[in-house]
Amino acid sequence: TSMRDMVIHGNDLVLATYGRSIYILDDITPLRSALGSSASAGPATFYPPAAALRWRWDDNEDTPLPREVAAAKNPPDGVVLDYFVGGDGATEGTIEIADSRGNLVRRYTSTPPEKSSLLPNVPEYWFAPPAVADVSRGPHRFVWNLRYQDPRILPYSYYGNFIDYIEYTLADHAIPGETPRSQAFGPLVAPGTYTVTLSMKLANGSSTVQKQQLTVKEDPRIRATQRDLDDQLTLAQQAVRGLNATTDAFNAARPLRDAVIDREKAAVTMQNAADLDAALKKLDKDLADMFDGTRTAPGIGPENRDLARTFTMIESADARPSQPAHDAVTATCSNIDKSFADWRKLQAETLPQINSQLTAHQLAALPAVNISTDSPCGK
């Protein structure tokens with residue numbers, strides 16, 4: 001194609017062709033770094049990244065275009081991390097981002113994360129492939145979305161009921177092949193300085209660790225101060241801790257709840273097991289109240305759903321969270337703490353008693369459940 005004009009805009013190379021088209025090569029920072037050097041000379045080269053702009057995706061919630069509709073790609077969402085792997089490549093690799101205090105923000109590996117067993121209610125072509133650190137020979141471009149790890153949330157429908165699939169109603173960042181699978185994204189990092197570490201185990205048995213500094217700048221259109229964004233991140237992280245704890249507790253208790261129902265069925269058919277049957281029925285109800293909630297107490301599952309909605313609201317714009325948002329997180333976390341206290345009591349007192357009854361009737365004891373006893377939303 002005949003190229004008629006060329007201009008460098010910031011870190012992007014823009015080409016104009018005879019056919020009145022424009023092509024953009026996003027972020028030529030690694031090309032500038034590589035001038036006068038040979039990237040393939042060493043086992044690996046991690047190029048200094050350009051400063052990243054902290055901005056949010058378009059909030060036009062829609063569905064991705066059909067695959068047959070022609071559309072050009074948008075610029076990468078986040079910061080571009082370029083590196084080159086020489087020799088025969090590597091067998092393992094990790095990319096870690098830490099804040100200015102050395103706290104881990106995000107970690108990626110060369111192994112794809114485990115895919116959810118729940119089926120989505122939309123076609124697969126919507127979704128972006130998992131972000132992995134490619135360690136094959138050659139140049140690589142990894143894009144970090146400037147977010148912490150996505151929180152773990154339970155599958156609740158738009159109407160608030162628990163479901164056994166992943167429901168997508170209005171998709172965020174609705175682009176074919178780039179729509180995130182997560183229903184809630186991790187909090188955006190605050191503006192500041194971060195350290196990116198690229199570690200690889202090379203095919204020849206040696207290893208390499210390289211670090212680069214990364215500056216994250218605020219969107220110049222935003223009026224929020226650094227203090228506002230720090231407060232937003234602190235509250236969002238508190239909500240994430242509650243989401244992760246309630247999701248893990250809910251999932252960990254499911255085998256126990258299934259086992260209680262199984263023992264109930266066995267007790268009904270046994271003679272002289274009326275006391276055991278009554279104890280199992282009460283335990284079944286207590287577990288349902290604790291995890292599914294009642295009219296007066298939300299329960300661990302609905303607490304997760306409510307906290308996910310509050311978290312999404314907190315992260316919806318660049319602004320200091322309102323006092324009602326703080327109050328909502330505090331109230332939900334207080335309910336979660338109470339639910340976990342009820343669980344600790346049930347685990348310490350009720351389960352041993354019922355297991356003794358089960359053993360006396362020659363029935364298998366209920367399985368142990370490992371749920372953290374820490375305060376889920378603790379500071």
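Predicted model: local features only at pLDDT ≥ 70, side-chain atom pairs only at ≥ 80, totals over all residues.
Residues are numbered from 1 along each chain as its sequence is written, and side-chain values use heavy atoms, with hydrogens and water left out.

**Cavity**

- One cavity of 30 Å³ or more is counted, a cavity being a set of points, on a 1 Å grid over the protein atoms alone, where a 1.4 Å probe fits but cannot get out.
- The largest cavity holds about 90 Å³, the volume being the space filled by probe spheres set on grid points that are joined across faces, edges and corners.
- Its lining residues, which have an atom within 4 Å of a point, include Trp-55, Arg-56, Trp-57, Asp-77 and Leu-188.
- By class, four nonpolar, two polar and three charged residues line the largest cavity, where Ala, Val, Leu, Ile, Met, Phe, Trp, Tyr, Cys and Pro count as nonpolar, Asp, Glu, Lys and Arg as charged, and the others, Gly among them, as polar.

- Strands are DSSP runs (E, at least two residues), numbered from the N terminus, and two of them pair if DSSP finds at least two bridges between them.
- Strand β11 spans residues 207–218, with Leu-214 and Val-216 among the residues of its covered face and Val-209 and Thr-215 among those of its uncovered one.
- β10 (residues 192–202) pairs with β11 in the antiparallel sense over 10 bridges, and Thr-197 has Lys-211 in β11 as its bridge partner.
- Four residues separate β10 and β11 in a hairpin, and Gly-205 in the turn has a positive phi of about 100°.
- β5 (residues 52–54) pairs with β11 in the parallel sense over three bridges, with Arg-54 standing opposite Glu-218.

Definitions and conventions. 1 Å grid on protein atoms, 1.4 Å probe; cavity = no way out; pocket = protein on both sides within 12 Å on 5 of 7 lines; lining within 4 Å. Buried < 20%, exposed > 50% of the residue type's maximum accessible area, 1.4 Å probe, protein only.
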